[in-house]
Amino acid sequence: MTIDLEMAEIAKVFFQESREGLDVMESGLLSLGATADRENINTIFRAAHSIKGGSATFGFAEVAGFTHGVETLLDEMRNGVRPVTAEAIQTLLQACDCLREMIAATEAEQPLDQVRIASLNGDIKHILGEANEAPAPARAAGDEAAGTHAASEPGGWRVRFEPVADLLRLRNEPTRMFAELRRLGTMVAHADTSRLPLLDALDPESCYVSWNIDITAQIPRGKLDEVFDWVDSGCRLEFTPTGGSAPVAAAPGAAAQPQAAAGDAWSAETKAVSPNETKTVALAEAKAAAPADADRSAPGGAPAQKASGDSGSIRVATEKVDNIINLVGELLITQSMLSSFADGIDPNDLDRLRQGLSQLARNTRELQESVMQIRMLPISFAFNRFPRIVHDLSRKLAKKVELKLSGEGTELDKTVLEKISDPLVHLVRNALDHGLETPERRVAAGKHETGTLELAAFHEGGNIIIEVRDDGAGLNKAKILQKARERALVAPDQDLTDEQIDNLIFMPGFSTAEQISDVSGRGVGMDVVRRNINDLGGHVQIASKEGLGSTIRIRLPLTLAILDGQLVRVGKEIYIISLLAIVETIQVARERVNTLVGHTEVFRLRDEYLPVVKLCDQFGVEPDSRSAEDGLLVVLEADGKRVGVLVDDLLAQQQVVIKSLESNFKSVAGIAGATILGDGTVALIIDAPGLISSAAKQGVGAVAAHAA
């Protein structure tokens, strides 16, 4: 269905709120235990009802129809008609997944997966049917009536719609229903203005008009329900089936009288229509449409969807916006103060000038911090997906797992949050598959049969720390070392520390799984995790004790837009190195520098040899001196590897705003971006992980030979 331009912006809000509603439904369903929490079920029901009402308002009839069945099942649960069973919860979780796909396909204006919709509708109908087995005669009569009604729809309908006075205040637009009704058949609407007061008593925000609507077409009752699904329960809404004759226009004033009589005749039929009737019609229509739509689907069988990794919008708390507005006001005051010096400066005003510049610096810093806060989101946006992942995988792996989340309110930059989600999924899946044992093995090892998986987030030293902890079997160091030697990743006679053995799992293609499954075992996860975290300027560590469990610790910068950097000079050029990558800075002594085969220089730092990287050679810059002892060696670390970067001088440390070099120029090896310094010159930001990786490839052989 195509949405007109006027509604497109509102529809974006609907799609976003629908996804949030599905998150609420999924979270609530996962928390339902053997004893149903009535308030929890009410929350799930309200989320489903909002999605159904919104989709019906926008004319997304198939989404509204599918959600109607979900809502009916939840309604019976919350009213105590149906017990909360594992089967019902699993079906509702699958329905949430289906609704996500339907909403994504609707937003992208792609065909829906009718086969899956019909299948899940059938599952929901099956569960609902089990509740109505008694009394059998009444049910049979109802089914017969429903079947007769579905087989022969009336030739038209007469609708009486009398909204509540607050309809417009609730931001409803009743005239939208006319456009939807016209799509169903020939329509004539009569406005009833009998409730309209005199002008001096009229409230412009109240709705006084009601409507009598005649529609000529064979329309299933369920279709009308979908059109009016947004209607509040306080409104008067009556449907009366009519014959096939064309509706006759009547005077607005006279329309209410015959309609009132018709409403009495209708009351027993319309509001009491069985929900099963609508579901039966919807399922039959879905099955009939499935083959045609399936042919139009993509080869994979799933509708095309928008990429969900990077969202184009962000919700901002009002107080954050208010804070920025206040700071802008302070800046304007400071600017006005400084502008008074434009015509000249009296020596007696120097103190006032210094005060103004100091205030400007303070306001600018506070404004920068406030703007950065707008991009900060709680990590719960990433954590919220894991209850479902743990629920599904633990069922699949026949393991009992308790998931604990802490620090969900810890905030970090939106870009970091989006890019860390996939690495976290890899880590959680590995913990479930490789770390946590089956209940039988846990009991045999003296543990509780239910394993614990913890995700924690907290701030530490200007960074965010994310930890993934489990109380499983831990890493089998002997097995890891054996596999590494079989693959020639480690020399047969090479001795490794426990930490080095643990870090072997981050090697590309490394896996200790005996057999490959669709969960893990192909060795394509942990190396990707480390690379993605390093790309974010972060670092990952692992600590494991055999039989007790493992902890994976991720350190990330709070934002990718601001960098705490060390300015270094090489010749006349200034470069910036992230403080997170710097281990130490050393004055070079000639006797500790060795030149190896291939003109590779190494520096002996205590008990290890570091490859020396000369930025002057890397970027073609003329240095003050090419002699190592005349410069400074900045020791950088990434991925557990170290190199020494030779520079002429260390300058100040400062926060810099990162600008993309690739989008403004082109990608340059060894450069992560650029920034503009206070004097207007451009300084390049060193890509520490890339520089270290390149140096390690060039010098590892020479260093190893020298060390031997």
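A salt bridge is defined here as a side-chain nitrogen of Lys or Arg within 4 Å of a carboxyl oxygen of Asp or Glu. The structure is a predicted model, in which local features need pLDDT of at least 70 and side-chain atom pairs count only at pLDDT 80 or more, while totals for chains, interfaces and linings use all residues. Residues are numbered from 1 along each chain as its sequence is written, and side-chain values use heavy atoms, with hydrogens and water left out.

By the salt-bridge rule, the count comes to 32. Burial is assigned from relative accessible area (buried, under 20%; exposed, over 50%; partly exposed, in between; 1.4 Å probe, protein chains only). Glutamate 437 is buried at 11% relative accessibility, and arginine 442 is buried at 1%. A further salt bridge joins glutamate 76 to arginine 82, whose closest N and O atoms are 3.2 Å apart. Glutamate 76 has a relative accessibility of 14% and counts as buried; arginine 82, at 8%, is buried as well.

Aspartate 23 and arginine 100 are also joined by a salt bridge, at 3.1 Å from N to O. Aspartate 23 belongs to helix H1 (residues 5–31) and arginine 100 to helix H4 (residues 86–107), so the pair ties together parts that lie 77 residues apart in sequence. Helices (H or I, at least four residues) and strands (E, at least two) are DSSP runs numbered from the N terminus. Aspartate 23 is partly exposed, with a relative accessible area of 40%, and arginine 100 is partly exposed at 27%.

The structure contains 8 aromatic pairs. Phenylalanine 14 and phenylalanine 15 form a tilted pair, with 5.4 Å between centres and 55 degrees between planes. Both of these residues, phenylalanine 14 and phenylalanine 15, are buried. Tyrosine 575 and phenylalanine 619 are stacked, at 5.4 Å centre to centre and 25 degrees between the planes. Tyrosine 575 lies in strand E13 (residues 573–578) and phenylalanine 619 in helix H20 (residues 615–619), so this pair links parts 44 residues apart in sequence. Tyrosine 575 is buried at 4% relative accessibility, whereas phenylalanine 619 is partly exposed at 21%.

Note on methods
Phe/Tyr/Trp six-rings, centres within 6.5 Å; stacked < 30°, edge-to-face > 60°.
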